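Hi,

Here is the structure I promised to pass on.

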Amino acid sequence: APAPTVLTLSPATASVALGKTQQLSVTVKDQSGNAMTGVPITWSVTPATIGTINASGLFTAGSAPGSGTLIAAFGSLSATAALTTFSPTVTIGGFTFNVRASGTSDVYTESTITTADAQTIVAVVDPSVAYIEGEFGRKFGQRPAIYAFRDTTSMNAGWSSVLGATSTPSVVNGVFVRVTKKIGLNWGLVKGQLPHNTARHE
């Protein structure tokens, strides 16, 4: 009787932006090379920090860049795919930002900020947004965009071109530009004052 003999995973390699998805599929063949259907596949990802995969083979990248292996298995048979997760980048106002998402906001960290520091910024964004909404007494009408600059020089350079502020740049931990609904963070000043909610200094 036909029995599962070979598993093949497609695609064999994939690069997925943080928070995005990639559909994978597995082909099962019997000892005669004929395709089989209805074979229950068990999916797993290692290390688990790079993302998750559901029972249908849909992989969702996690919140930090990394690399690992996706495994499709049936009994003693298995097939693997190499996965890499990465931060997408955008160029705004002459700056290159890595884009990450928190539960409440879109976070843009200047590309010269380290991955570890960028993850710290993302971790404190949600409570910071809650604080800002409380201070102003109303909710954001849309997901706020938070721009983290490396230092005072960078933030002042992006004061108008990135944040859309019309006032004169100043040395501040952060700024909330009401017109554009953008939040700017001066990571060079904020980093040394952790732990706290970084965006509270707007």
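**Notes on the sheet and the cores**

Let's start with a pair of strands: β2 and β10 (residues 77–86) run parallel and are joined by five bridges. Within that pairing, A17 sits opposite F86 of β10. Bear in mind as you read that this is a predicted model.

Those two strands belong to an open sheet of four, ordered β2-β10-β9-β6, and the pairing in it is mixed. At the edges you'll find β2 (13–17) and β6 (42–46), each of which pairs on one side only. From one strand to the next, the twist averages 25°.

On to the other neighbour of β10. Here β9 and β10 run antiparallel, with nine bridges between them. One of the pairs to look for is G68 with L83, its bridge partner in β10. The hairpin that β9 and β10 form has two residues between the strands, and G75 there takes a positive phi near 60°.

L77, A79, A81, L83 and T85 make up the covered face, while S78, T80, A82, T84 and F86 lie on the uncovered one. Why do the residues fall into two sets like this? Because side chains in a regular strand alternate between the two faces of the sheet.

Now for the nonpolar cores. The largest has 20 residues, and the ones with the most contacts inside it are L9, L24, I41, W43, I53, F59 and L70. At least two residues of this core come from each of β1 (4–10), β2, β6, β8 (58–61), β9 (66–74) and β10. Which strand gives the most to it? That's β10, with four residues. As general background, nonpolar side chains in soluble globular proteins tend to be buried together.

Setting aside neighbours within four places in sequence, L9 is in contact with L24, S25, V26, W43, L70, A72, A79, T80 and A81. There is also a second, separate core of 15 residues, including I121, V129, F140 and I183.

Cheers

Conventions
Residues are numbered from 1 along each chain as its sequence is written. This is a predicted model: local features need pLDDT of at least 70, side-chain atom pairs count only at pLDDT 80 or more; totals for chains, interfaces and linings use all residues. Side-chain values use heavy atoms; hydrogens and water are left out. Two strands pair if DSSP finds at least two bridges between them. Axes are lines fitted to C-alpha atoms, for helices over the stretch in contact, and angles run from 0 to 180 degrees between N-to-C directions. A nonpolar core is a set of buried Ala, Val, Leu, Ile, Met, Phe, Trp, Tyr and Cys residues joined through side-chain atoms within 4.5 Å. Buried means under 20% relative accessible area, exposed over 50%, partly exposed in between (1.4 Å probe, protein chains only). Contact means heavy atoms within 4.5 Å.
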